[in-house]
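Subject: Structure for you to look at

Hello,

Here is the structure I promised to pass on. Please open it, keep the sequence beside it, and then read my notes below.

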Amino acid sequence: MSGHAETIPTVDLSVLQYDRDSVLTTLRHALVDYGFFYLINYEDHLSHDIIEALADQTERFFNLPQEDKDKIQMVNSKHFLGYNGLEKEITAGKIDWREQIDFCSTDTELAEYDNLYENLVGPNQYPDAKKLPYFQKTIKYFLDGMDTFSVFLMKLIFESLSVNQHQYSKYFNINQGESNFNKMKLIRYPSEKELKSHSTLKESTFSQGCGPHKDSDFLTYLFSPTEVTSLQVQNLQGKWLSVDPIPKSIIINVGQTLEYLTSGVCLSSIHRVKTSSTTSRISIPFFQNVKIESVLQPLKLDDGLLKLRDERDLDRKQSVAFQFKPSLDEPIAVSVFKNRIKSHRDVSGKWWPKQLALIDEEERKAKESLESTPREKNPELLAKVLRLTKIFKTFHSTLVMELMRVSVDLTLRYFIPKVKLSHPTVSYSDLLKLFTIWPDFIVISINFDGDVVIDLEKTDRLPKINDMDYMNGQFEKRCEAWVNSNKYADDIPPLQLHLVKPEVDFQKLDKEMESRIKERKNKNTTIPASSKISKPSNTKKENSTMSILERIRMKEKARKENYQSPTAKRDQFLDSKLLQVLNILFTLSKRSQSISRLSEIIKNSLSSTSAISMEDAEAVIKRLCVKFPDIFVFVNGKSLKVLKWNEFQLSTLKKRLDETDEATTK
Ligand SMILES: O=C(O)CCC(=O)C(=O)O
Ligand SMILES: [Fe+2]
C-alpha cells in the first residue's frame with residue numbers, strides 16, 4: 001500500500017468563510033504529512049496584482065545587461081544582500097545553475113550593531129532607477145503585503161495545531177505597524193539550451209537548478225509564474241514528486257524552524273529544482289522568519305499531534321534526524337549568520353575575513369580530530385559501521401535465498417521482516433543506506449506503485465561476485481568510508497532512482513534468453529550466484545535453475561492471469577483510501593459525525609490527484625464499518641446518516657489493515 005498521493009495537497013482559503021474546520025484539517029494534514037502545499041484563493045488577504053507586477057519587474061531585472069546586474073553584486077554588501085550571477089552557489093557539492101538577487105524586509109542600515117548577527121539586517125541594493133523606475137517600489141509593496149499575509153497564515157497554522165497565541169507571540173511581531181525580519185529572492189533558472197550556448201561555461205551537466213536541501217526559515221512562500229515543471233519535493237517514501245506550478249497559487253513549504261518549534265510534527269521536506277531543457281524559469285521565494293534575536297524552544301503540543309507524528313514516522317523511509325539543530329542558548333540568527341559566512345565566501349572574504357578564518361579553523365580541527373581518531377577510539381562511528389555491516393550480511397544472504405524462489409515480490413519492503421528476524425531495529429532507511437553505500441551491489445528502482453524494488457533486469461547485468469565473505473568485507477570498508485564522511489548528516493542522501501518499465505519486452509527477452517541458454521550449453525559458463533547456494537528442501541527444483549529473465553517472465557504472466565472483477569477493483573480502490581481516511585478521523589475531536597459532513601471533510605482533505613467524490617468518500621466510510629465493525633458503526637437515522645466510532649489507535653488499525661491486505665494478496 002503506498003498510501004500517499006502523487007501530488008501535494010491544496011489548501012483553499014475561500015472555504016474559510018463557510019467551513020473553517022475543514023480548512024484547518026486540510027492544513028494540518030498538509031503540514032504533518034507533506035510539509036508542502038498549494039495555497040489558492042488567497043485574494044481576500046493578498047492582492048494578486050502586486051504579484052503580477054513583481055513577476056513583470058523580475059523579468060525586466062534579469063533582462064538588464066549583465067554589467068548592470070553586476071553593479072549590485074552581493075559582494076558589495078556586508079549584509080549578504082544583492083545579486084549573484086551564475087556559478088556562485090553550490091548545493092550538495094554541485095553548482096546550482098541559477099542567477100538571483102536577495103533582499104531583506106528591514107531595508108535599513110542600523111545605527112549601531114551590538115551583535116554580529118544583527119548584520120543580517122541592512123540596506124538592499126537596487127538596480128539603477130533610471131532603467132527600472134518601478135522596481136524598488138514593487139519590492140517594497142510586495143514585502144509589506146507579504147509581512148501582513150504571512151502573519152495571517154502563521155496564525156492559521158498555529159490554530160490548526162491548537163497552539164495558543166501566548167505560546168508563539170514571542171517569536172513574531174504581530175501588531176499592526178510592526179514589521180518582521182523576512183527575506184526574499186528573485187531567481188532565474190536559465191534553460192539547459194541557453195546554458196549550453198554560453199561559450200564560457202564548461203560543465204558536463206547543467207541539470208541542477210538547485211540541489212536537494214531543506215529551508216531553514218519558518219515558512220517559505222514560492223511564487224512560480226513560469227509554467228514549467230522544475231521543482232520537486234521528496235515525500236516520506238523517498239520518492240520525488242513534481243510540484244507543477246498552478247496559476248495564481250502559492251507553493252508553501254515548512255522550514256526547519258517550524259519543524260523544530262513543533263518537535264517534528266510539521267515536516268520540513270527536502271526539495272530541489274531541475275533545469276528545464278528549453279524554457280528558462282522565474283521563481284520568487286519569500287522566506288518568513290522568526291525574530292532574529294529569538295532563542296528557539298519547542299512549543300507545547302497536544303498529545304494527539306505527537307501521536308500523529310509518531311504514526312507517520314513509523315512508515316518513514318527517510319531518517320528523522322534534524323539537519324538543523326539551533327542552539328538552545330543562542331539567538332537563532334547566530335547560526336544563520338554563520339551559514340551565510342560559510343556559503344558566500346567571496347562576501348565574507350571581503351567583509352568578514354576574521355570570522356571566516358575562525359570558522360574554517362574550527363571545521364578543520366573538527367575534521368582532523370575525527371579523522372585522526374582511531375576506529376577503536378570512536379565507538380559511536382564503529383557501532384554504526386558494525387550495525388550496518390551486519391544488516392548488509394543478513395540482507396545479502398536473504399536476497400540470495402529469495403532469488404531462488406519465483407513467487408516473491410522483490411520490493412524492498414518485503415525484506416524488512418526477514419532482516420528483522422536477526423536485527424529487530426532495522427528500518428527502511430537502513431536498507432536504503434545499503435545502496436547508497438554500495439550503489440553497484442544491486443540496482444534499485446521505483447515501480448509504478450511508488451515502491452522501491454530490486455531491478456532484476458539491471459542487476460543481472462552487474463558483474464557477479466560469488467564470494468559472500470569477500471562481498472561483506474568490501475561492504476564494511478565502503479561503509480566505514482561512508483560513515484566517516486557522513487558523520488554530521490544522519491539523513492540518507494536522496495537516492496537516484498528511476499522508474500521501472502511496467503511492460504516487459506518479451507521478444508527481446510526471448511532472444512536474450514535463447515542466446516544465454518546456448519552460451520551456457522556451449523561454454524558451460526558460471527551459473528548466477530543464487531543457484532550455487534544450497535536450496536531449502538521445499539523449493540521447487542526447476543526454479544533454482546531459472547535465469548532472472550525467466551523469472552520476470554513468469555511473474556508477468558502470473559500478473560496478467562490475476563484477473564480482477566470490477567467489484568474487486570472497486571473494493572481495492574476504496575481500501576487504498578482507508579488509511580488516509582483513518583488519519584483524518586483520528587484528528588477529529590468528536591466521535592460521531594453525520595456522513596454528509598464527514599464525506600465533505602474527507603473530500604476537502606484529500607489532495608487534487610487523490611481527490612475523491614462525495615460518493616466515494618461515503619463508500620469509504622461504509623467500508624470502515626465492514627473492516628472494523630468493533631470500532632465504527634453506521635447509524636441510519638430518519639433524516640441523518642451518522643458514523644459513530646470508539647476511540648482507536650492508528651497503529652493498531654493500520655496493522656489490522658496490513659494483515660487483511662496480506663491475507664488477500666497471498
Ligand atoms: O525556485 C524554486 O522553485 C525553489 C527555490 C528554493 O527552494 C530555494 O531557493 O530555497
Ligand atoms: Fe528551498
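A term to start with: a residue is buried under 20% relative accessible area, exposed over 50%, and partly exposed in between. Lys-248 has 48% relative accessibility, so it counts as partly exposed. Keep in mind throughout that this is a predicted model.

Stay with Lys-248 for a moment. It sits in the loop between strand E11 (240-242) and E12. Its phi is positive, about 65°, although Lys-248 is not a glycine. Phe-80 is another residue to check. Phe-80 has a positive phi of about 60°, and it is not a glycine either. Look for Phe-80 in the loop between helix H3 (66-70) and strand E3 (82-84). Is Phe-80 buried or exposed? Its relative accessibility is 0%, so Phe-80 counts as buried.

**The iron site**

Which residues coordinate the iron ion (ligand 2)? They are His-213 through NE2, Asp-215 through OD and His-271 through NE2. The distances run from 2.1 to 2.2 Å. Along the chain, the donors follow the spacing H-x1-D-x55-H. His-213 belongs to strand E8 (residues 208-213) and His-271 to strand E13 (residues 271-274), so this pair ties together parts that are 58 residues apart in sequence.

His-213 is partly exposed, because its relative accessibility is 22%. His-271 has 6%, so it counts as buried. Asp-215 is buried too, with a relative accessible area of 9%. Asp-215 is found in the loop between E8 and E9. Its C-alpha atom is 6.2 Å from that of Gln-256, and these two residues are 41 residues apart along the chain.

**The shell around ligand 1**

Next, find ligand 1. The residues around it include the iron donors His-213, Asp-215 and His-271. Arg-98, Ile-187, Tyr-189, Leu-222 and Leu-231 are also among them. By type, the shell divides into five nonpolar, three polar and three charged residues.

In Tyr-189, a side-chain N or O atom is 2.6 Å from an oxygen atom of ligand 1. For His-213, the corresponding distance to a ligand 1 oxygen is 3.0 Å. His-271 has a polar side-chain atom 3.0 Å from an oxygen atom of ligand 1. How much of ligand 1 does the protein bury? Taken alone, ligand 1 exposes 300 Å², and the protein buries 95% of that. Strand E7 (183-189), E13 and strand E14 (281-288) are the elements that give two or more residues to this shell.

**Strand E12**

Now turn to strand E12 (residues 250-254). Five of its five residues are buried. In a regular strand, side chains alternate between the two faces of the sheet. Both faces of E12 are covered. Ile-250, Ile-252 and Val-254 are buried on one side. Ile-251 and Asn-253 are buried on the other.

Which strands run antiparallel to E12? Strand E2 (residues 36-40) is joined to E12 by four bridges and runs antiparallel to it. Leu-39 has Ile-250 as its bridge partner in E12. Strand E9 (residues 219-223) is also joined to E12 by four bridges, and this pair is antiparallel. Here, Leu-219 has Val-254 as its bridge partner.

Gln-100 lies in strand E6 (residues 99-104). Its relative accessible area is 4%, so Gln-100 is buried. Its side chain makes a polar contact of 2.9 Å with the side chain of Lys-185.

Thr-398 is in helix H12 (residues 379-402). With 12% relative accessibility, Thr-398 counts as buried. A polar atom of its side chain lies 2.5 Å from the backbone oxygen of Thr-394.

Best wishes

Terms used. Residues numbered from 1 in each chain as written. Chains lettered and ligands numbered in written order. Predicted model: local features only at pLDDT ≥ 70, side-chain atom pairs only at ≥ 80, totals over all residues. Heavy atoms only, no water. Donors = N, O, S within 2.8 Å, 3.2 Å for Na, K, Ca; no water. Buried < 20%, exposed > 50% of the residue type's maximum accessible area, 1.4 Å probe, protein only. Pairing = 2+ DSSP bridges. Near = heavy atom within 4 Å. Polar contact = N/O pair within 3.5 Å; in protein donor to acceptor, adjacent residues only side chain to side chain. Areas by Shrake-Rupley, 256 points an atom, 1.4 Å probe, with all protein chains shown as cover. Nonpolar A, V, L, I, M, F, W, Y, C, P; charged D, E, K, R; others polar.
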